[in-house]
Amino acid sequence: MTLHVSAARERCIGAGLCVLTAPEVFEHDDEEGLVSVLDPHPPAEDHDDVRLAGELCPANALQLTWTT
Amino acid sequence: MSSDLAEAPSFPERRTCPYHPPESYKEISSRGPLNQVTLWNGRRVWLVTGYAEGRKLLSDPRLSADRQQEQYPTMAPHLQAQAARKLVLVGEDPPLHDKHRRLLNPEFSLKRARAMQEGIQALVDELIDNILAIGPGADLVTEYALPIPSRVMSQLVGVPYEDHDFFQSATAGVMQARDAAQSQQAGTELARYLAKLVDLNLERPGDGVIGRLVEHVHNGEVTRDELAQLAMVLMIAGLETTSSMIPLGVITLLDHPDQLEALTSGAVPVPTAVEELLRFLAVTDFAAVRWVTDDIEIAGHTIRAKDGIVVSSTMVNRDPDVHQDPHTFDIARGNRQHLTFGYGIHQCLGQNLARLQLQIAYETLFRRIPGLRLGISGDEIRMRTTGTMQGVERLPVVW
């Protein structure tokens, strides 16, 4: 299973839960303080963190898609 | 109890224990995730106590946070004051809300908060130095819990240090007033002060959020008044929350020596423990107050247009479907599935800074004053009877 991660910056409110939960995959940029995806195809060991980040995001700004 | 109140019990009720919800809340929750409750003015609103339902509702665009509308539930008499109703950002809906939030987001990113770590640590150490020099014996509310967020927020926003006492009392005046007139007066003073501060920054931008945002006034994106109101909301939201949370956490940890030991020994990382304190204490009984613009079907109920909704962070954080033994304080739990910072587009802008201040406040206090204990017996602790935050009036400690 490959995980594809993307973030809708127009929805992001900069709460930071994704950066806190999956720091290998998400970051806040300096200019707008909004999410940027560091690794759109994170390795399997990060999948649980990414899933939790997606769940915690208050603005539903993260899209996670699994492909086989 | 009259049949009306049996059907829709009164809300909110004061906590008698600093960290456990009143029994009546548990009874309401046991009936289901959504129930009708009666506010101080007789109005019936929906109280949400289910985590899933709370999240679902707070991300629904049919919920409005517009406090200027009469449909908005007023949670206490003093909050009828115009100063409490006309709050930018927290009391706005999109698109205006989003415009204001976007201006402030860069100031409150996780990276920005982390860059403040050293400064906050130095300030907290200085407070402990003073406490140790004067003690043994201190009131942790006035000597520790209030000055931490007051100085951090003053510095961040760009309020001169010598004015932070005024700020502390003025923001408390708006949020903890006994009535609407008192709240309005404090709000007017605060607004006047901030308008002047914005003017000073327009001439010579200072080193703070106000100074960094004046360019948006110069280029016409926001008005001088809007910027002053944004600064006011930051100060109100940043002071009372953190300063109420610090003493509640200290009481809870002292009351659970095994948990405190796990924290001080390093067995549980400080951020993990703080997350549980946030879940367990919730600080406020209502993380979100809204009204609905259109009928919503949820959990077998129909919420009608113009109905009010209150999401109880206290009870949502103790939803047994999310947390095992939800009424047990377990600092190793480390679960961020709580709504202490709210949910949806209004989720707390300052949560990263709040987490950081709490982590430093607890870690430093118990490390530097290892024998710390309450200076009064547990049943002498007085919960504050004003305001919408759970808090204590004083917290005498000895060592």
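Biologist: What is the strand order of the open sheet in chain B?

Modeller: In this predicted model, five strands make up the open sheet, ordered E1-E2-E8-E5-E3, with mixed pairing.

Biologist: What makes strand E1 (34-38) and strand E3 (63-64) of chain B edge strands?

Modeller: Each of these two strands pairs on one side only.

Biologist: How do you know that strand E5 of chain B pairs with strand E8 of chain B?

Modeller: Pairing needs at least two bridges. Four bridges join E5 (residues 288-292) to E8 (residues 308-311) in chain B, and the two run antiparallel. Within these strands, B:Ala288 stands opposite B:Val311.

Biologist: How many aromatic pairs does the structure hold over all chains?

Modeller: There are five.

Biologist: Why is the pair of B:Phe166 and B:Tyr193 called tilted?

Modeller: The ring centres are 5.2 Å apart, and a pair needs them within 6.5 Å.

Biologist: Why is B:Tyr193 called buried?

Modeller: Its relative accessible area is 18%, and buried means under 20%. B:Phe166 has 26%, so B:Phe166 counts as partly exposed.

Biologist: How do you know that the charged end of B:Arg318 sits over the ring of B:Phe280?

Modeller: The charged end is 4.3 Å from the ring centre, and the distance limit is within 6 Å.

Conventions:
Residues numbered from 1 in each chain as written. Chains lettered and ligands numbered in written order. Predicted model: local features only at pLDDT ≥ 70, side-chain atom pairs only at ≥ 80, totals over all residues. Heavy atoms only, no water. Phe/Tyr/Trp six-rings, centres within 6.5 Å; stacked < 30°, edge-to-face > 60°. Buried < 20%, exposed > 50% of the residue type's maximum accessible area, 1.4 Å probe, protein only. Lys NZ or Arg CZ within 6 Å of the ring centre and 35° of its normal.
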